[in-house]
Amino acid sequence: MDDGLEFCILGGIEAYRDGVALPIGGARPKSVLAYLLLRSNQTVAGERITDAVWPDGDPFKAPNLLQVNVRTLRKAIEHDPSRPDRLVTRAPGYRLCVEPGELDAARAERWIAEARLAATGNDLDRGIANFQSALACWRGEPLHEFEYDDWAVDEIVRLQELRLDALTELNQLRLLVGQGRAIVGDLETLTRQHPLRESLWAQLMHALYVSGRQADALRVFASARETLLDELGIDPGPELVAMERAILEHDPALGAGAAITLRTTVADSDHTIALASSAPSTDQLRRTHFDLAPIPARLSDLHGR
């Protein structure tokens with residue numbers, strides 16, 4: 001069935017064959033395609049599709065309307081619309097057959113999983129590369145045409161959170177390999193966009209500190225504290241407080257040349273992860289050794305520990 005198809009939901013809904021955009025039609029066929037992509041390789045009742053995509057439509061006209069839009073999609077994505085093998089009729093409705101790797105969201109999730117596996121195995125460069133490959137799958141806000149449709153909201157939120165988590169973990173790895181100066185601008189943008197996510201504020205403080213901007217790092221803490229108090233009525237959590245203390249004390253674990261050895265438990269196995277941007281001395285290793293068991297496989301929560 002490998003015929004060069006690619007389906008995209010990490011941005012506007014699109015379909016391609018061998019890199020050429022397919023004419024999938026207007027808003028209605030796009031809605032049907034998106035709904036089926038979120039349930040790919042499952043048989044979905046026609047009534048469920050029409051109830052979700054056209055909740056206010058005439059129930060007597062809905063089946064015919066759905067058939068019209070299915071024909072439009074088949075003309076676009078099938079090699080032979082008269083003998084469909086992608087968008088097939090299966091009682092009591094339809095099934096969209098999607099091969100592994102053909103949906104951009106699935107590719108992104110695979111890259112993220114591989115990035116996390118590489119990071120827990122101490123292959124930080126590979127982890128960074130895989131996170132970057134995952135994030136390159138996003139072309140904009142996921143499923144943005146359907147942000148007000150009930151059937152799409154949960155998946156939109158999930159994909160937005162997936163991207164933000166990947167960005168946070170990528171930035172943590174880049175900090176650990178000594179690239180803090182290069183990500184200051186990105187982190188300033190992220191903290192403006194997500195002012196209640198304390199891990200981003202902590203990463204920005206860390207990046208500023210290793211860039212030789214200690215005063216700016218401490219001003220960021222003050223801004224974060226003010227934001228959290230204004231928005232939620234709470235003080236900064238332990239992560240931010242620990243980062244401020246580490247900066248004030250010039251903790252060598254924050255330095256661009258320091259090493260951090262983390263002993264962690266992942267999938268019921270003991271792993272030791274040595275994270276270093278340059279060869280440390282024995283004294284550095286002794287000062288910056290932490291025993292954390294267990295910690296999550298995701299590395300976004302390690303600041304200040």
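Which residues form one aromatic cluster? I looked this up before anything else. I kept in mind that the model is predicted. My notes give Tyr35, Phe146 and Trp151 as the members of the cluster.

**Aromatic pairs**

I searched for ring pairs and got two. Tyr35 and Trp151 make an edge-to-face pair, with 5.5 Å centre to centre and 70 degrees between the planes. Tyr35 belongs to helix H1 and Trp151 to helix H6 (residues 150-176), so this pair ties together parts 116 residues apart in sequence. I then checked Phe146 against Trp151. Their ring centres are 5.2 Å apart and the planes stand at 45 degrees, so I logged the pair as tilted.

For Trp151 the relative accessible area is 11%. For Phe146 I noted 3%, also buried.

**Helix H1**

Tyr35 sent me to its helix next. H1 spans residues 27-37 and is mostly covered. I found eight of its 11 residues buried. Besides Tyr35, the buried set includes Pro29, Ser31, Val32 and Leu33. Ala34, Leu36 and Leu37 are in the buried set too.

**The sheet**

I turned to the strands. Three of them form an open sheet, ordered E1-E2-E3, with antiparallel pairing. Strand E1 (5-8) and strand E3 (20-21) are the edges, each pairing on one side only. I traced E1 against strand E2 (residues 14-17) and found four bridges, in the antiparallel sense. Cys8 stands opposite Glu14 in E2.

**Cysteines**

How many disulfides does a search of the whole structure find? I got zero. The cut-off for a disulfide is 2.5 Å.

I also checked cover. Cys137 has a relative accessible area of 12%, so I count this residue as buried. Cys97 comes out at 13% and is buried as well.

**A surface patch**

Leu196, Leu232 and Ile234 make a nonpolar surface patch of about 250 Å². I placed Leu196 in the loop between helix H7 (184-193) and helix H8 (198-210). Is Leu196 buried, partly exposed or exposed? Its relative accessibility is 41%, so I put Leu196 down as partly exposed. A patch residue needs over 30% relative accessible area, and Leu196 has 41%.

How values were computed: Residues are numbered from 1 along each chain as its sequence is written. This is a predicted model: local features need pLDDT of at least 70, side-chain atom pairs count only at pLDDT 80 or more; totals for chains, interfaces and linings use all residues. Side-chain values use heavy atoms; hydrogens and water are left out. Patches are made of residues with over 30% relative accessible area and no salt bridge: like charges are joined within 9 Å, nonpolar side chains (Val, Leu, Ile, Met, Phe, Trp, Tyr) within 5 Å. Accessible areas come from the Shrake-Rupley method with a 1.4 Å probe; for residues, only the protein chains shown count as cover. A salt bridge is a side-chain nitrogen of Lys or Arg within 4 Å of a carboxyl oxygen of Asp or Glu. Helices (H or I, at least four residues) and strands (E, at least two) are DSSP runs, numbered from the N terminus. Buried means under 20% relative accessible area, exposed over 50%, partly exposed in between (1.4 Å probe, protein chains only). Two strands pair if DSSP finds at least two bridges between them. Rings of Phe, Tyr and Trp (its six-membered ring) pair if their centres lie within 6.5 Å; planes under 30 degrees apart count as stacked, over 60 as edge-to-face and the rest as tilted.
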